[in-house]
Amino acid sequence: MRHLLNPLDFSVEETNELLTLASDIEHNLKKYAHVCDGKKLATLFYEPSTRTRLSFESAMLSLGGSVLGFSSANSSSAAKGESVADTIRMISCYADIAAMRHPKEGSALVASMHSQIPVINAGDGGHQHPTQTLTDLMTIRSLKGRLDNLTIGLCGDLKFGRTVHSLINAMVRYPNVRFVLISPDELKVPEYIREDVLRAKGIEFKEVSNLDAAIPELDILYMTRVQKERFFNEEDYIRLKDSYILDKAKMDLAKEDMYVLHPLPRVNEISTEVDDDPRAAYFRQAQYGVYVRMALIMTLLEVEKPC
Ligand code: CP
């Protein structure tokens with residue numbers, strides 16, 4: 001039995017295979033309509049979510065399976081003090097696979113250690129968000145036609161943004177990928193990403209604070225929200241929340257084939273005037289998330305691919 005806790009749980013070959021399956025699902029959706037007949041997905045969301053939870057549910061329904069679960073800690077027995085370990089033991093009796101989001105780093109790992117069914121990490125605190133990463137990889141591969149030879153700008157809250165941490169971990173495995181890390185000083189990537197992932201692997205990167213100066217060299221601009229819920233101090237959040245606002249004037253400085261991604265939700269960091277720019281890919285990215293999660297459910301449940 002396999003879980004997905006970290007984007008590196010799949011090798012590059014397995015990741016590419018999963019992306020190819022997701023792409024086939026995108027183009028031949030009907031073919032997959034019954035591959036999970038009789039299977040159940042549990043969505044255990046201790047933290048708010050729109051895209052991840054609903055795209056998981058949409059994915060399982062599109063595969064012919066069914067879904068059950070909860071969308072806040074308050075509507076489960078966690079509110080009465082039940083541990084993640086006990087909850088997942090119960091869920092193992094009710095479902096075939098589980099997707100879990102939790103505010104604490106490492107909680108998906110704990111769940112996997114007590115589970116009889118595959119556990120998917122749907123975001124654990126500021127740590128990892130591997131299914132968002134698979135979504136990001138599919139988006140980049142679909143739009144750019146490759147996952148190598150890219151300059152990727154990551155902009156905003158690089159300290160608390162788990163999607164950023166997961167994406168860096170995944171992208172360093174592809175050749176000739178370089179990073180431009182754009183953030184205020186207070187929101188730089190954590191040291192373990194800078195030292196253990198980027199420097200240790202000899203990946204080219206630079207840390208800057210000026211988006212206007214950085215944007216012309218980028219193939220991908222990955223914008224992120226300043227993560228209010230992870231700040232200890234409201235004053236710091238208010239001071240930093242509007243550090244970057246991508247607008248038409250900034251897009252004029254970018255390459256014609258640079259794409260803007262964002263895991264969403266956005267707050268102020270991308271002006272709505274950018275939404276109509278053909279390079280704004282964040283809503284397409286959310287759609288790719290359904291196909292990727294369909295492919296992931298099939299892979300972890302070892303469902304046979306239809307002819
Ligand atoms: N991208 C993402 O994780 O969105 P949600 O928080 O809405 O699930």
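## Model and terms

Helices here are DSSP runs of H or I with at least four residues, strands are DSSP runs of E with at least two, and both are numbered from the N terminus. The structure is a predicted model, in which local features need pLDDT of at least 70 and side-chain atom pairs count only at pLDDT 80 or more, while totals for chains, interfaces and linings use all residues. Residue numbers start from 1 along each chain as its sequence is written.

## Domains

The domain assignment divides the protein into domain 1 (7-128 + 289-300) and domain 2 (130-286); such bounds come from an automatic or database domain assignment. Taken over C-alpha atoms, the centres of domain 1 and domain 2 are 25 Å apart. Between them, 22 residues of domain 1 are in contact with 20 residues of domain 2, where contact means that the C-beta atoms of two residues, placed from the backbone, lie within 7 Å. On the side of domain 1 that touches domain 2, the elements giving two or more residues are α1 (12-27), α2 (51-62), β4 (119-124) and α11 (282-300). That side of domain 1 has 11 nonpolar, 9 polar and 2 charged residues. In this count Ala, Val, Leu, Ile, Met, Phe, Trp, Tyr, Cys and Pro are nonpolar, Asp, Glu, Lys and Arg are charged, and the others, Gly among them, are polar.

UniProt, in an unreviewed entry, places the feature "domain: Aspartate/ornithine carbamoyltransferase carbamoyl-P binding" at residues 2-141. Over residues 2-141 the chain is 41% helix and 16% strand, with 25 Å between the end C-alpha atoms. The UniProt feature "domain: Aspartate/ornithine carbamoyltransferase Asp/Orn-binding", also from an unreviewed entry, is placed at residues 149-299. Residues 149-299 are 34% helix and 15% strand, and their end C-alpha atoms are 28 Å apart. UniProt positions are in the numbering used here, feature names are shortened, and annotations may be inferred rather than shown by experiment.

## Core

The largest nonpolar core has 84 residues, and those with the most contacts inside it are Ala98, Leu221, Met294 and Ile297. Such a core is a set of buried Ala, Val, Leu, Ile, Met, Phe, Trp, Tyr and Cys residues joined through C-beta atoms within 7 Å. A residue is buried if 20 or more other C-beta atoms lie within 10 Å of its own, exposed if 12 or fewer do, and partly exposed in between, with C-beta atoms placed from the backbone. Helix α11 gives the most to this core, with 9 residues. Domain 1 and domain 2 both contribute residues, so the core lies between them. Leaving aside residues up to four places away in sequence, alanine 98 touches Ala42, Leu44, Ile88, Ile91, Ser115, Ile117, Val119 and Ile120.

## Helix α6

Helix α6 (residues 162-171) is largely enclosed by the rest of the structure, because 9 of its 10 residues are buried. These buried residues are Arg162, Thr163, Val164, His165, Ser166, Leu167, Ile168, Ala170 and Met171. They pack against β4, α5 (130-144), β5 (150-155), β6 (177-182), α7 (191-199) and β8 (220-223).

Asparagine 176 lies in the loop between α6 and β6. Its phi is near 55°, a positive value in a residue other than glycine. Asparagine 176 is exposed, with 11 other C-beta atoms within 10 Å.

## Ligand shell

The ligand is surrounded by Ser49, Thr50, Arg51, Thr52, Gly123, Gln132, Pro263, Leu264 and Pro265. By class, the shell has 3 nonpolar, 5 polar and 1 charged residues. Domain 1 and domain 2 each supply at least three residues to this shell.

Leucine 264 is placed in the loop between β9 (259-261) and α11. Although not a glycine, leucine 264 has a positive phi of about 65°. It is partly exposed, with 18 C-beta neighbours inside 10 Å. The peptide bond from leucine 264 to proline 265 is cis, with omega near 5°. Most residues other than glycine have a negative phi, and most peptide bonds are trans.

## Annotated binding site

The UniProt annotation "binding site", from an unreviewed entry, covers Lys80, Arg162 and Arg225. These residues are spread over 146 residues of sequence and also in space, up to 31.8 Å between C-alpha atoms. Lysine 80 is in the loop between β2 (66-70) and α3 (84-94), and is exposed, with 6 other C-beta atoms within 10 Å. Arginine 162 is in helix α6 and counts as buried, with 23 C-beta neighbours inside 10 Å. Not counting residues up to four places away in sequence, arginine 162 touches Gly123, Gly126, His127, Gln128 and His129.

Terms used. A residue is near a molecule or strand if its C-beta atom, placed from the backbone, lies within 6 Å of it.
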